[in-house]
Amino acid sequence: MSAPTYPPCWFAEKREIAITRMITVLLLLFPAMLASPVLAQESVLFDWFEYQGHDAVFEAPLPQGSYRNPILAGFHPDPSITRAGDRFYLVTSSFAFFPGIPVFESGDLVHWKQIGNVIDRPSQLDFDGLGMSRGVFAPSIDYHDGIFYVVNTAVDSGGNFLATAVDPAGPWSGPIWLPTIGGIDPSLFFDDDGRTYLLNNDAPVGAPRYDGHRAIWMQEFDLARKQPFGPRKVLIDGGVDPSTNPIWIEGPHIFKRDGWYYLNCAEGGTGPQHSQVILRSRAVWGPYQPYEKNPILTQRDLPTDRVHPITNAGHADLVEGLDGRWWATFLASRNYGEVHYNTGRETFLLPVEWRDGWPMILEPGLEIPYLGRGPGFMAHAAAQAPATGNFIWRDEFDTLALGKEWMFVRVPKLQWADLAGHPGQLAIRPLAETLDTLRNPAFLARRQQHTSFNASVALQVPAEAGIEAGMAAFQNEANWYFLGVRRKGTGLELFLEKSSREGRQVVATRGLPAMDSLKFKVEGNEGDYSFGFDAGHGWQWLSQHQDGTVLSTDMAGGFIGAVIGPHARIASGK
């Protein structure tokens, strides 16, 4: 999708009011569209879905005044945070899932609740044809003069854009495209003299000297026109030490403290060499001098065989707490087998220590803790579940709108999810698209938040031949499992289908007599996944000890984690 260009008057005050009203109407209509009845005779009915996590690292008792890391478990990468009064707001990447760019709210930096999404209307963006790790990533959120701003990159689907809202729960404006800005990872800085600046990662001046050579650019930004203007300038070329050929300087943020401008960036790529670096200057345009003790956060210097490792740490954003202490949110991953992680890049929290005018998130050589002392203003009595920790989460499908935990794979073009036609049940209208489509399959996705978990679902067996339904464990369009049931002759056939780099294959089947309902279960323990069913006589395994590493980010490629949920499709006949 190409980025449209707008005349300067497009977002003038009167038209902006009209657009906001239109957005409000669309926002009200979209949940109603999902809740309106679909064709019942073509639908598969799901009675409930349950997810349970039981990670060993979450079993340790939580001392009074402490919190658990990650603060947002399951794939919530590239966190950006801002403060508005006594509340904190955080956004993370969502790539080609929809709704996109989830917005979280907290009063204490520890207990987070999702309140909305920046991309929540099909009219805003289109991800058809994109792999799951394209789309929207590395959003940055700021609050200024009563307005929330999110700048982001829609990779392969429009480029850099801005969205605004008065209420962070929405409605958010449609994308305001920034066609003169290339690269990725844009962010805004609001200076105390009334000027605003746009930063981003882009190619350096001239030809890159090596693979991964990037630069951080800055340009002044006109809030009235919502467009950058004036000259662009490189603030960092390559990284904090150009002589070492540093790679992928990105995720820039500027903040101001005690008369210093601090330029906060990620460096080293988002894998095991990921890190966070800091520079400062007395002038917003620089020159910026790097901290001699960089990086201020990394886990790359630790043994790879440590117990319950946390890796890939970086892409940090800093915020001042209600008590004047500073904190950092950042992404990291929980690995098994040294290199695998199915939960993707998650959001962590650590306090910032200021030393001689420089911030330090974590001293070199120290491991990111799973338990930490929380802010003094933390709500001590509240549990962090279901954002993190071990918990049971169950959806009885007894509401008129889908819970915010559910996501679609790309943007739905057809009305196939229904919560109103059969109260207390989710009706999914099967589509011809399978999980390897680059469009939208009839699959509802919930994040896998634990390395050890089980998920189960109850469904009514499809009445029609040629319909297949069950639950899927999905990483991307090329890496997934589908545990399903279909009519075969006068009975039923259960099957487990697998897709990986070796291709797509059915790895297990079993015949059953005809019946009206079934339960399915997926159980995962690091890279070991098992798939079971209950046909009315208790749980039995269809297939155990399948390779769960095909759902890991390192094996599948890209930037996301695994998800799981109900799925229905029209059989291809192959």
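A charge is taken to sit over a ring if NZ of Lys or CZ of Arg is within 6 Å of the ring centre and within 35 degrees of the ring normal. In this predicted model, the charged end of Arg282 sits over the ring of Trp260, 3.8 Å from its centre. A second case involves Arg486, whose charged end sits over the ring of Phe495 at 4.0 Å from the ring centre.

## Aromatic pairs

Across the whole structure, the search returns 33 aromatic pairs. One of them joins Tyr197 and Trp285 in an edge-to-face arrangement, with 5.7 Å centre to centre and 90 degrees between the planes. This pair links distant parts of the chain, 88 residues apart: Tyr197 belongs to strand β13 (residues 196-202), while Trp285 lies in the loop between β18 (275-281) and β19 (289-290). Tyr197 counts as buried because its relative accessibility is 2%, below the 20% limit for that class. Trp285, at 26% relative accessibility, counts as partly exposed.

Phe330 and Phe348 form a stacked pair, with 5.8 Å centre to centre and 20 degrees between the planes. Here, too, distant parts of the chain are linked: Phe330 is in strand β22 (residues 326-334) and Phe348 in strand β23 (residues 346-351), 18 residues apart. Both Phe330 and Phe348 are buried.

Ring pairs also build a cluster, whose members are Phe255, Tyr262, Tyr291, Trp326, Trp354 and Trp358.

## Salt bridges

Side chains of opposite charge can pair when their charged atoms come close. In the whole structure, 26 salt bridges are found. Three of these are set out below.

| Salt bridge | N to O distance |
|---|---|
| Arg87 and Glu105 | 3.8 Å |
| Lys413 and Asp128 | 3.1 Å |
| Arg569 and Glu497 | 2.7 Å |

The salt bridge of Arg87 with Glu105 has its closest N and O atoms 3.8 Å apart. Arg87 lies in strand β4 (residues 87-91) and Glu105 in strand β6 (residues 100-106), so this pair ties together parts that are 18 residues apart in sequence. Arg87 is partly exposed, with a relative accessible area of 32%, and Glu105 is likewise classed as partly exposed, with a value of 23%.

Lys413 and Asp128 meet in a salt bridge through their side chains, at 3.1 Å from N to O. Lys413 is placed in the loop between β28 (407-409) and β29 (417-418), and Asp128 in the loop between β7 (113-119) and β8 (135-144); the pair therefore ties together parts that are 285 residues apart in sequence. Lys413 is partly exposed, with a relative accessible area of 48%. Asp128 is also partly exposed, with a relative accessible area of 30%.

The side chains of Arg569 and Glu497 meet at 2.7 Å, N to O. Arg569 counts as buried because its relative accessibility is 5%, and Glu497 counts as buried because its relative accessibility is 7%.

Arg569 and Glu497 also belong to one network, in which salt bridges that share partners join them with Asp436, Glu468, Arg486, Lys488, Glu493 and Arg504.

Conventions. Residues numbered from 1 in each chain as written. Predicted model: local features only at pLDDT ≥ 70, side-chain atom pairs only at ≥ 80, totals over all residues. Heavy atoms only, no water. Phe/Tyr/Trp six-rings, centres within 6.5 Å; stacked < 30°, edge-to-face > 60°. Helix = DSSP H or I, 4+ residues; strand = E, 2+ residues; numbered from the N terminus. Buried < 20%, exposed > 50% of the residue type's maximum accessible area, 1.4 Å probe, protein only. Salt bridge = Lys/Arg side-chain N within 4 Å of Asp/Glu carboxyl O.
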